[in-house]
Amino acid sequence: SQTIHQWPATLVQPVGSPLSLECTVEGTSNPNLYWYRQAAGRGLQLLFYSVGIGQISSEVPQNLSASRPQDRQFILSSKKLLLSDSGFYLCAWRADTYEQYFGPGTRLTVT
Amino acid sequence: AQSVTQPDIHITVSEGASLELRCNYSYGATPYLFWYVQSPGQGLQLLLKYFSGDTLVQGIKGFEAEFKRSQSSFNLRKPSVHWSDAAEYFCAVAFSNAGNMLTFGGGTRLMVKP
């Protein structure tokens, strides 16, 4: 069966510091992968999605970037964090029947 | 643009009472419909999904949802709510002409009174 992992689970970083969040999927090949963000008390905002290695689409302009160095690995990065980057970051993969399955999330607090 | 609306931001029900959470989507290509649940600090869990066929679908944890094409709705129901059902619920839609993307509603926070 498929599983999706995210780490770290929790992160506290100062403003201006770099960021790297990792997502890996097991049990499926060439999945579509997604990064979402939830601000406190709000819905999901799609940040990036990827249909394959090295293929990244950005949904919103921001100081975040994403990369997909391997088939089942998706990384979210920033060179310099802003206070507004705080939130709950979720990675997901898409099944052939369109539903997406989510990882456990990373809680990022920028101080 | 395609959109999904969950009209109720918060709902409070008593334990043992019935529940209905509303979801409406904008008209578009053939919709694929989903309900997710999110407990605090956790990821989203798929409750149920509708692609075609019987418009009443059963999901996990005793939930069901009914697709009504004429009303562009996909409401979630449960006959008897348990305290552990307190969570945030998201409706989501994928359209056949944009299957890579899910469009999410804003969510409904369910509180359960003892």
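Reply: The word disulfide is used here for a pair of cysteine sulfur atoms that lie within 2.5 Å of one another. Please keep in mind throughout that the model is predicted. Counted over all chains, the structure holds 2 disulfides.

Let us begin with chain A, where the partners are A:Cys23 and A:Cys91, whose sulfur atoms are 2.0 Å apart. This separation is within 2.5 Å, and the pair therefore counts as a disulfide. About its S-S bond the link of A:Cys23 and A:Cys91 has an angle of -75 degrees, and the link is left-handed. To find the partners in the fold, look for A:Cys23 in strand E3, which covers residues 19–26 of chain A, and for A:Cys91 in strand E9, which covers residues 87–94 of chain A; the two cysteines stand 68 residues apart, and the pair links distant parts of the chain.

A residue is called buried when its relative accessible area is under 20%. A:Cys23 has a relative accessibility of 0% and so counts as buried, and A:Cys91, likewise with a relative accessible area of 0%, is therefore buried as well.

Turning now to chain B, we find a disulfide that joins B:Cys23 to B:Cys91, with a distance of 1.9 Å from S to S. The angle about the S-S bond is -65 degrees for the link of B:Cys23 and B:Cys91, which is left-handed. As for its place in the fold, B:Cys23 lies in the loop between strand E3 (19–21) and strand E4 (24–25) of chain B, while B:Cys91 belongs to strand E10 (residues 87–95) of chain B, so the link ties together parts that are 68 residues apart in sequence.

B:Cys23 counts as buried because its relative accessibility is 0%, and B:Cys91, for which the relative accessible area is 0%, is buried.

To gather this up, the link in chain A runs from strand E3 to strand E9, whereas the link in chain B runs from the loop between strand E3 and strand E4 to strand E10.

Technical notes:
Residues numbered from 1 in each chain as written. Chains lettered and ligands numbered in written order. Predicted model: local features only at pLDDT ≥ 70, side-chain atom pairs only at ≥ 80, totals over all residues. Heavy atoms only, no water. Helix = DSSP H or I, 4+ residues; strand = E, 2+ residues; numbered from the N terminus. Buried < 20%, exposed > 50% of the residue type's maximum accessible area, 1.4 Å probe, protein only.
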